[in-house]
Amino acid sequence: DAFYNGDITNDEPISGMNLSNSWNMMQHSLQYKYGGDLKGIEKKLNYIKDLGCEAVFMDPIFRASQNAGYGPEFYKQIENSFGNEQALAELAKAIHDNGMYYMLDVVLMFVAVSHYWYDKYNRDPFPGAKQEWDSPYHDFFYFEGEEGDTDVYQSGWGGLILNHANEKLQDELWRSEDSYLQHYCKEPFCPDGLRFDCGGALSGT
């Protein structure tokens with residue numbers, strides 16, 4: 001977000017909970033955004049290569065509740081202000097055409113309370129685990145209160161810890177062919193590596 005703004009057409013006054021700010025304003029919180037995006041990395045590849053870099057590592061680029069990407073709200077959507085799948089595919093091709101590599105950072109340990117699986121703010125048309133105890137997403141999480149109490153959950157980093165022993169969640173994240181990880185590890189994206197945020201603490205794996 002704070003590297004280079006390569007496409008001003010995807011700048012947003014508000015992106016989720018993130019407020020857009022001038023490049024000259026000091027960053028005070030994870031809700032401040034500056035407009036840096038995937039196209040900005042592509043436009044600066046020669047600069048990066050001239051520094052002697054052989055690879056590009058990116059913070060999570062998918063829709064999240066804060067600018068660094070560590071509060072997933074939707075796994076299969078690139079944050080609007082970063083670009084889209086076409087921008088990622090073009091960046092991947094440009095990186096590989098330059099003989100370089102790139103790595104994506106993925107957050108599987110927890111999701112933001114605004115993720116539609118939980119939906120604390122009741123933004124989505126279908127009931128999340130917050131709205132209904134019998135929600136199809138209930139077992140994606142660990143609830144620690146009395147039965148029926150969807151407010152008492154196991155939390156971490158301000159989000160909800162995911163139950164990776166749940167097979168439906170596994171299908172959503174990595175096991176099925178249309179899962180989050182399998183989708184973004186195929187053509188035309190083909191990252192050369194993945195970094196798993198809090199990988200050693202993934203519950204149920």
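A salt bridge is a side-chain nitrogen of Lys or Arg within 4 Å of a carboxyl oxygen of Asp or Glu. In this predicted model, a search of the whole structure finds nine salt bridges, and three of them are set out in the table below.

| R195 | D105 | 3.0 Å |

The side chains of D105 and R195 meet in a salt bridge with a distance of 3.0 Å from N to O. This pair links distant parts of the chain, since D105 lies in strand 7 and R195 in strand 11 (residues 193-196), 90 residues apart. D105 is buried, with a relative accessible area of 1%, whereas R195, at 32% relative accessibility, counts as partly exposed.

Because E73 belongs to strand 6 and R63 to strand 5 (residues 62-64), the pair ties together parts that are ten residues apart in sequence. Here E73 is buried, with a relative accessible area of 3%, while R63 is partly exposed at 27%.

The next topic is helix 3. This helix covers residues 85-97, has 13 residues and reaches 18 Å from its first C-alpha to its last, which is close to the 18 Å expected at 1.5 Å a residue. The buried residues of helix 3 are A87, L88, A89, L91, A92, A94 and I95; they pack against several elements, including helix 1 (38-43), strand 6 (72-78), strand 7 (101-106) and helix 5 (180-185).

Another of the elements that these buried residues pack against is helix 2 (45-50), and Y47 is found in helix 2. Y47 is partly exposed, with a relative accessible area of 46%, and together with F3, Y4 and L51 it makes a nonpolar surface patch of about 420 Å².

Finally, S176 is found in the loop between helix 4 (167-175) and helix 5. A polar atom of the S176 side chain lies 2.7 Å from the backbone oxygen of D171, and, leaving aside residues up to four places away in sequence, S176 touches Q170, D171 and Q182.

Technical notes. Residues numbered from 1 in each chain as written. Predicted model: local features only at pLDDT ≥ 70, side-chain atom pairs only at ≥ 80, totals over all residues. Heavy atoms only, no water. Helix = DSSP H or I, 4+ residues; strand = E, 2+ residues; numbered from the N terminus. Expected span 1.5 Å × (residues − 1). Buried < 20%, exposed > 50% of the residue type's maximum accessible area, 1.4 Å probe, protein only. Contact = heavy atoms within 4.5 Å. Patch = residues over 30% accessible without salt bridge, like charges linked within 9 Å, V, L, I, M, F, W, Y side chains within 5 Å. Areas by Shrake-Rupley, 256 points an atom, 1.4 Å probe, with all protein chains shown as cover. Polar contact = N/O pair within 3.5 Å; in protein donor to acceptor, adjacent residues only side chain to side chain.
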